[in-house]
Amino acid sequence: MYNINGLNEECGVFAISNNQDALRLTYYGLHSLQHRGQEAAGITFTQSDYFETIKGRGLVADVLTDEVINAYKTRNAIGHVRYATAGGLGISNVQPFSFKFFDECLALAHNGHIGNAKDLKKELENHGSVFSSTSDSELLIHLLRHEQGAFIDRLKNSLNKLDGSFAYVLMHDSGLYGIRDRHGIRPLSIAQLDDYSYVISSESCAYSVIGAKFVRDVLPGEIVRINDGQIESYFYHDECSENLCLMEYVYFSRPDSTIDGTNVHYARKLCGKLLARQLPVEADIVIGVPDSSISAAIGYAEEAGIPYEIGLIKNKYVGRTFIQPTPELREKGVRMKLSANEAIVKDKRVIMIDDSIVRGTTSKRIVQLLKEAGAKEVHVRIASPAIKYPCYYGVDISTYDELISSSLNEQELCQFIKADSLSFLELTSLKKALLEIKYQDQLEHENRYCSACFNCQYITNLYDALEHLNKNKQEL
Ligand code: SF4
């Protein structure tokens, strides 16, 4: 309901250690990560000898009110914003998950997806575990309880049993932990507030709002432990690789975030430039579909020497409780989320830049909007490759039915959305753009991203999902 593109990230995580304003700062941090999940939010924080949790469905501001924040004093907290796919929408699946055992308190929040969750859960239940949710995120707590010894060893052993994508923030009596899967599929980084206070976040955009200074990314396979103003680093696996989700740069992350050394706005802008080089077209103006395509549109316009204009306006206030128009009103043209700027597009040949196409229905509607507003031609340029395969790493594109590019080629899709022309950025160009920024060279780092939804090259074993993938392939 919130994004106009049909793609949703599953979650964002945030944590803070040793700060007297921990609750309020977590609220601000989560607010900055709101784009990563709008269905539920929650926070767990330390009290004298237990962890307190406040969570619920809705936006951060709906769940964490001023009243809640003023009612408690704490110095350590973890938080979560959620978009649900794995596990469903019930309140029992809202994170963080927090448990008080006879000998320790444990709480965690997770972004990602555990591929071997079903097998692990079965095994754990056979050994007496009782799960409080249907979410795969809870698994780590139960795995930890089945391990013996020092906490860091229990943690390493437990993480070694998980296969999939994960960025965790975890709170334990022994400290605050940030953990990233050994392929680095989902992002996570650390920042410093003062000499003794650190924060961990899915995205660095959460740091400037609270005045924290970025320290570094958590590395693939790394466990970062923060305790008493010190950072300790451990690795749970010997074989790690850099395979960050390409869609973090294309669509999910905020343009002011820098992930694994690459600023998101800068990456998108460079993609726009490559798009202009790869797919030039004669036109009067370049416009971007707000918000995530603006950076690429600016890059395209700059490279092509064609003016960039605001041709589409997004109404930011269409939210969860917005009364949807009836089918009749929709027919009459009541379009609440996006409007064409008629004064700008009328009688113009327009290049419309979008970040991606999922179902195709949104692109079709936007082309129609622009034509109704008097655009002479609409040339659609997509600043990413065609998404053809499901994602099993924490993004809600899990069936082929949702992906129009899995059944239509570029020409057929162009006809479907009724554009004058349509082209996608090539995968090699997208990787080249990112590698140029990060390494100033390309070849030896070619495979350093997850691009499975574009080329079907999955990073991990797919377990149950493999059957799903093959079944869907056959049905096409
Ligand atoms: S499959 Fe696509 S959306 Fe999923 S993690 Fe990989 S690049 Fe990201």
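Modeller: The count of aromatic pairs comes to eleven. This is a predicted model. Take Y251 and F252. Their ring centres lie 5.5 Å apart, and their planes meet at 70°. Planes over 60 degrees apart count as edge-to-face, so this pair is edge-to-face. Are the two residues buried or exposed? Buried means under 20% relative accessible area. Y251 has a relative accessibility of 12%, so Y251 counts as buried. F252 has a relative accessible area of 7%, so F252 is buried too.

Rings also form a cluster. Ring pairs link F166, Y168 and Y236 there.

The charged end of R145 sits over the ring of F101, 4.0 Å from the ring's centre. K121 lies over the face of F131, at 4.9 Å from the ring centre.

Now for the strands. An open sheet holds six of them, in the order β5-β6-β7-β8-β12-β13. The pairing is antiparallel. β5 covers 97–100 and β13 covers 230–235. Both stand at the edges with a single partner strand each, so one side of each has no neighbour in the sheet. Neighbouring strands of this sheet are turned against each other by 15° on average, direction ignored.

Look last at one end of that order. β12, residues 222–227, pairs with β13 in the antiparallel sense over six bridges. V224 has S233 in β13 as its bridge partner. Strands of a sheet pair through backbone hydrogen bonds.

How values were computed: Residues numbered from 1 in each chain as written. Predicted model: local features only at pLDDT ≥ 70, side-chain atom pairs only at ≥ 80, totals over all residues. Heavy atoms only, no water. Pairing = 2+ DSSP bridges. Helix = DSSP H or I, 4+ residues; strand = E, 2+ residues; numbered from the N terminus. Axes fitted to C-alpha atoms, helices over the stretch in contact; angles between N-to-C directions. Phe/Tyr/Trp six-rings, centres within 6.5 Å; stacked < 30°, edge-to-face > 60°. Buried < 20%, exposed > 50% of the residue type's maximum accessible area, 1.4 Å probe, protein only. Lys NZ or Arg CZ within 6 Å of the ring centre and 35° of its normal.
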